[in-house]
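I opened the model to look up a few local features. My notes follow in the order in which I checked them.

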Amino acid sequence: MKLTVFGATGGIGREIVRQGLEAGHAVTAVVRDPARLGVSGDLLEVFRADLSDPDAVRAAVAGRDAVLSGLGARSRKDAGVAARLTRTVIDAMEAEGARRLLVVSAGPVGPAPGGDTALDRAVRGIVSALLKDVYADLLEMEAELARSATDWTVVRPPRLQNKPSTGAYRMVVGGFPLKGRFIARADVAHAMLAMAGDPGVVKQGVGLAY
């Protein structure tokens, strides 16, 4: 497939680029600073662009089979980044007629898993309160996707870890894995690449966890 990756220098984005190239995909990595990418390959195109302007990224999404985004706030002070930058990506895709879009959100933004305990709900409430602005940003991002003409999928992981991919994670379409606490960024990337060609997850939120 021909893939475009936004947020390609972040933890998940870099893994999408690396694993995509290993799988034989042609990957366009959209970055502000190419020196931070740290990935190379014959099928890699590094596309430098300012994401404040959708016209600047139209060429990066034109003719692609799927667009995968790891864009999002790195801390509470960055709240607002996910919705704003994803809107830019959506505008560029709609202008070019590109359809398939996968983005990263967060587990607490989606529905609670069925069968969770009082402790689970308490922990979820504390985390949601601490990261209220970040999750509000992600909720707005998901609303932007729902209003768009794209064939979107929202991936909702729990706490992220910097560990190797295992390929052994749980996935719940429209929900979240019970007692799901962690997942490696590499496995989020693995799941997103697998879902890129899966029509069963179009216009769905997908919970991921070990």
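Which residue in β3 is the bridge partner of Val30? I looked it up and found Phe47.

Before going on, I noted that this is a predicted model, in which local features need pLDDT of at least 70 and side-chain atom pairs count only at pLDDT 80 or more, while totals for chains, interfaces and linings use all residues. Residues are numbered from 1 along each chain as its sequence is written, and side-chain values use heavy atoms, with hydrogens and water left out.

Entry on the strands. I took helices (H or I, at least four residues) and strands (E, at least two) as DSSP runs, numbered from the N terminus. Two strands pair if DSSP finds at least two bridges between them. β2 (residues 26–31) pairs with β3 (residues 44–48) in the parallel sense, over 5 bridges. β2 also pairs in the parallel sense with β1 (residues 2–6), again over 5 bridges. In that pairing, Leu3 is opposite Val27 of β2. From β1 the chain passes through α1 to β2, a right-handed β-α-β crossover (clockwise from the first strand over the helix to the second, with the strands pointing away from the viewer).

I then checked burial, where buried means under 20% relative accessible area, exposed over 50% and partly exposed in between (1.4 Å probe, protein chains only). In β2, 5 of the 6 residues are buried, so the strand is largely enclosed by the rest of the structure.

Entry on Gln19. This residue is in helix α1 (residues 11–22). Gln19 counts as buried because its relative accessibility is 10%. Leaving out residues up to four places away in sequence, I found that Gln19 touches Ser165, Ala186, Ala189, His190 and Leu193 (contact means heavy atoms within 4.5 Å).

Entry on a helix pair. α2 (residues 54–61) packs against α3 (residues 81–96) at an angle of about 60 degrees, with the axes 8 Å apart. The two helices are therefore oblique to each other (angles under 35 degrees count as roughly parallel, over 145 as roughly antiparallel, 65 to 115 as roughly perpendicular and the rest as oblique). On the α2 side, the contact is made by Pro54, Val57, Arg58 and Val61. The α3 residues in it include Thr88, Asp91 and Met93.

Entry on backbone angles. Lys179 is not a glycine, yet has a positive phi of about 60 degrees. Lys179 sits in the loop between β8 and β9, and is partly exposed at 44% relative accessibility.

Conventions: Axes fitted to C-alpha atoms, helices over the stretch in contact; angles between N-to-C directions.
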